[in-house]
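Please work through the exercises below with the sequence and the model open beside you. Each task is followed by a solution that goes step by step.

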Amino acid sequence: MRVRFWGVRGSIATSGPEFARFGGNTTCFEIEAGDQRLIIDAGTGIRGLGDKLSAQARLLGRDVQATMLFTHLHWDHIQGFPFFGPAYLPGTQLDLYGPLEEDGVTTLEDVLAAQMTPPTFPVGLEAMPSTKRFHVIGDGDVLALGDLVVRAQSLSHPQGSLGYRVDYQGRSLCFATDTEHPGKDEVDEALADLARGVDLFICDAQYTEAEYEGRVAGPSRKGWGHSPYVAAARTAKAAGARRLMLTHHDPNHDDGVVAAIEREARVLFPACRAAAETRPLTV
Ligand SMILES: [Zn+2]
Ligand SMILES: [Zn+2]
């Protein structure tokens with residue numbers, strides 16, 4: 001599998017030279033496996049991905065086809081969708097999977113449509129001429145796309161969130177952003193099971209432990225639905241993951257802070273990197 005981070009920032013996008021090394025776009029992750037293309041989340045990073053896919057489609061004379069998986073419908077995971085260029089091309093085919101909201105009724109399509117409504121946005125979802133097939137996905141669901149298998153599992157987050165495990169021809173990854181681990185020194189066993197033995201475990205690591213506990217820089221972040229990096233490292237170890245990448249970097253953390261978190265996390269789990277908007281990686 002070839003994978004690429006197009007957005008690694010949590011909560012809200014950041015910009016400026018102090019964020020240039022890791023990147024300031026909110027969550028978007030691309031997976032290419034054979035003829036399948038998966039996109040996890042449509043944070044602001046999806047704009048750059050869309051530009052790449054539109055350019056490829058023009059050069060190759062082939063329409064864009066992709067499966068989009070949404071972890072949840074918080075703003076930082078959907079706000080790039082109105083700027084996803086291929087959605088405005090009539091030949092584009094998109095299958096979009098997202099969880100139902102807490103009311104059990106509101107769908108991904110409802111939320112994307114509501115986002116693209118005046119006065120907050122001038123162009124409606126129906127003005128995108130691409131073909132969009134919406135599907136509901138939830139805890140325990142398994143999705144088979146050719147040789148690629150996706151498993152969804154609930155994570156601990158306000159309004160809920162889904163973690164995804166992707167297996168393809170003996171390689172595997174687990175994408176678990178926007179999740180809060182149980183108490184200090186405990187492992188989220190269900191998440192460790194989802195990530196069991198994966199080649200790449202991508203995990204929320206928004207805070208330092210001191211921030212999470214409220215010892216520095218404001219109140220305790222307990223209950224906010226995100227994790228200190230020590231919890232990500234602990235879960236990677238419990239899962240037997242080969243590599244760990246930390247994501248959902250806090251918007252208050254400039255490159256120096258993210259690099260320090262990466263250094264400290266590597267003491268706990270040596271095969272660890274902080275996710276960055278860079279070139280594709282092979283899994
Ligand atoms: Zn988020
Ligand atoms: Zn969230």
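**Exercise 1.** Does Ser11 count as buried, partly exposed or exposed, and what is its relative accessibility?

*Solution.* The structure is a predicted model, in which local features need pLDDT of at least 70 and side-chain atom pairs count only at pLDDT 80 or more, while totals for chains, interfaces and linings use all residues. Residues are numbered from 1 along each chain as its sequence is written, chains are lettered from A and ligands numbered from 1 in the order in which they are written, and side-chain values use heavy atoms, with hydrogens and water left out. The scale to apply is that buried means under 20% relative accessible area, exposed over 50% and partly exposed in between, with a 1.4 Å probe and protein chains only. Ser11 has a relative accessibility of 34%, so it counts as partly exposed. Finally, look at the backbone, where Ser11 has a positive phi of about 75° although it is not a glycine.

**Exercise 2.** Which residues are the protein donors of the zinc ion (ligand 2), and which parts of the chain does the pair His74 and Asp178 tie together?

*Solution.* Begin with the rule for donors, which are N, O and S atoms within 2.8 Å of the metal (3.2 Å for Na, K and Ca); water is not among the atoms, so sites may look incomplete. By this rule the zinc ion (ligand 2) has His72 (NE2), His74 (ND1), His157 (NE2) and Asp178 (OD) as its protein donors, at 2.1 to 2.4 Å. Along the sequence these donor residues follow the spacing H-x1-H-x82-H-x20-D. His74 belongs to the loop between strand E4 (65–69) and strand E5 (93–98), and Asp178 to the loop between strand E10 (171–176) and helix H3 (189–194), so the pair ties together parts that are 104 residues apart in sequence.

**Exercise 3.** Which residues coordinate the zinc ion (ligand 1), and which residue bridges the zinc ion (ligand 1) and the zinc ion (ligand 2)?

*Solution.* The zinc ion (ligand 1) is coordinated by Asp76 (OD), His77 (NE2), Asp178 (OD) and His248 (NE2), at 2.1 to 2.3 Å. The bridging residue is Asp178, and the two zinc ions lie 3.6 Å apart. His77 lies in the loop between E4 and E5, and His248 in the loop between strand E12 (243–247) and helix H6 (255–268), so this pair ties together parts that are 171 residues apart in sequence. Both His77 and His248 are buried, and the relative accessibility of His248 is 0%. His248 also has a phi near 60°, a positive value in a residue other than glycine.

**Exercise 4.** Where do the buried residues of helix H2 fall when seen down its axis?

*Solution.* First list them: in helix H2 (residues 108–115), Leu108, Val111, Leu112 and Gln115 are buried. Seen down the axis, these buried residues fall within an arc of 95°, so they line one face of the helix; the arc is that of the directions from the helix axis to the C-beta atoms. In general, an α-helix has 3.6 residues a turn, so residues three or four places apart point the same way. The buried residues of H2 pack against E5 and strand E6 (131–136), contact being defined as heavy atoms within 4.5 Å. In the loop between H2 and E6 lies Phe121, which is buried at 16% relative accessibility. Leaving out residues up to four places away in sequence, Phe121 touches Pro82, Phe83, Gln115 and Met116. Pro119 is also found in the loop between H2 and E6, and the peptide bond from Pro118 to Pro119 is cis, with omega near 10°.

**Exercise 5.** How many residues of helix H5 are buried, and against which elements do they pack?

*Solution.* Helix H5 (residues 229–239) is mostly covered, with 8 of its 11 residues buried. These buried residues pack against H3, strand E11 (200–204), helix H4 (209–212), E12 and H6. Just after H5, Gly240 takes a positive phi of about 70°.

Definitions and conventions:
Helices (H or I, at least four residues) and strands (E, at least two) are DSSP runs, numbered from the N terminus.
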